[in-house]
Amino acid sequence: YRSRQLRGVRSGPHELAHMEMKALGYFARHPGATQSDLVAHSGRDKAQVARLIRALREAHLLEATADEQDRRSTRLKLSAAGHEVFASLHRQGAALGAKALAGLSEDEQHTLVDLLERVRSNLEQLSR
């Protein structure tokens, strides 16, 4: 799934890496979040996230504004172009998901979701 998703993204106007797509999604869901918020959410290294944010800002996909309470902190949100790219990724993901589930009944789809949730829960318990 991820391989096909990345292939679709690379055929568009923006060549985004997986983590860049994840960051766009994060700021789409959390407009006004900070770089530190993304570090805490993703578990990634501060320097890696700083490079990621810089690349997205240079591509004009993220906009930054100074925090009014703490001028040392920068609030980030998707730019108009960032919203367009994110919407395109969302549409592409929905279409790919529909193709992946083609031929499965509604009951089979629910069973699949239940099984995947159990797998995720098992893996999350390993990290505790």
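The expected span of a helix is 1.5 Å times one less than its number of residues. Helices (H or I, at least four residues) and strands (E, at least two) are DSSP runs, numbered from the N terminus. The structure is a predicted model, in which local features need pLDDT of at least 70, side-chain atom pairs count only at pLDDT 80 or more, and totals for chains, interfaces and linings use all residues. Residues are numbered from 1 along each chain as its sequence is written, and side-chain values use heavy atoms, with hydrogens and water left out.

**Helix 5**
- Helix 5 (residues 80–100) has 21 residues and should therefore span 30 Å at 1.5 Å a residue; its end C-alpha atoms are 30 Å apart, which agrees.
- Buried positions (under 20% relative accessible area, with exposed over 50% and partly exposed in between; 1.4 Å probe, protein chains only) in helix 5 are G82, V85, L89, G93, L96 and G97.
- These residues lie on the same side of helix 5 because they cover an arc of only 105° around the axis, the arc being that of the directions from the helix axis to the C-beta atoms.
- An α-helix has 3.6 residues a turn, so residues three or four places apart point the same way.
- On the other side of helix 5, the exposed residues are A80, E84, H90, R91, A94 and K99.

**Nonpolar core**
- A nonpolar core is a set of buried Ala, Val, Leu, Ile, Met, Phe, Trp, Tyr and Cys residues joined through side-chain atoms within 4.5 Å.
- The largest such core has 20 residues, and those with the most contacts inside it are L16, L24, F27, L38, I53 and L56.
- Two or more residues each come from helix 2 (18–29), helix 3 (35–42), helix 4 (46–58), strand 2 (74–78) and helix 5.
- Helix 2 gives the most to this core, with 6 residues.

**Helix 2 and its packing**
- In helix 2, the buried residues are M19, E20, M21, A23, L24, G25, Y26 and F27.
- Helix 2 packs against helix 3 at an angle of about 115°, with their axes 11 Å apart; axes are lines fitted to C-alpha atoms, for helices over the stretch in contact, and angles run from 0 to 180 degrees between N-to-C directions.
- M19, A23, Y26 and F27 of helix 2 make the contact with D37, L38, H41 and S42 of helix 3, where contact means heavy atoms within 4.5 Å.

**Whole chain**
- The chain has 6 helices and 2 strands, in the sequence pattern α-α-α-α-β-β-α-α.
- Of the 128 residues in the chain, 26% are buried.
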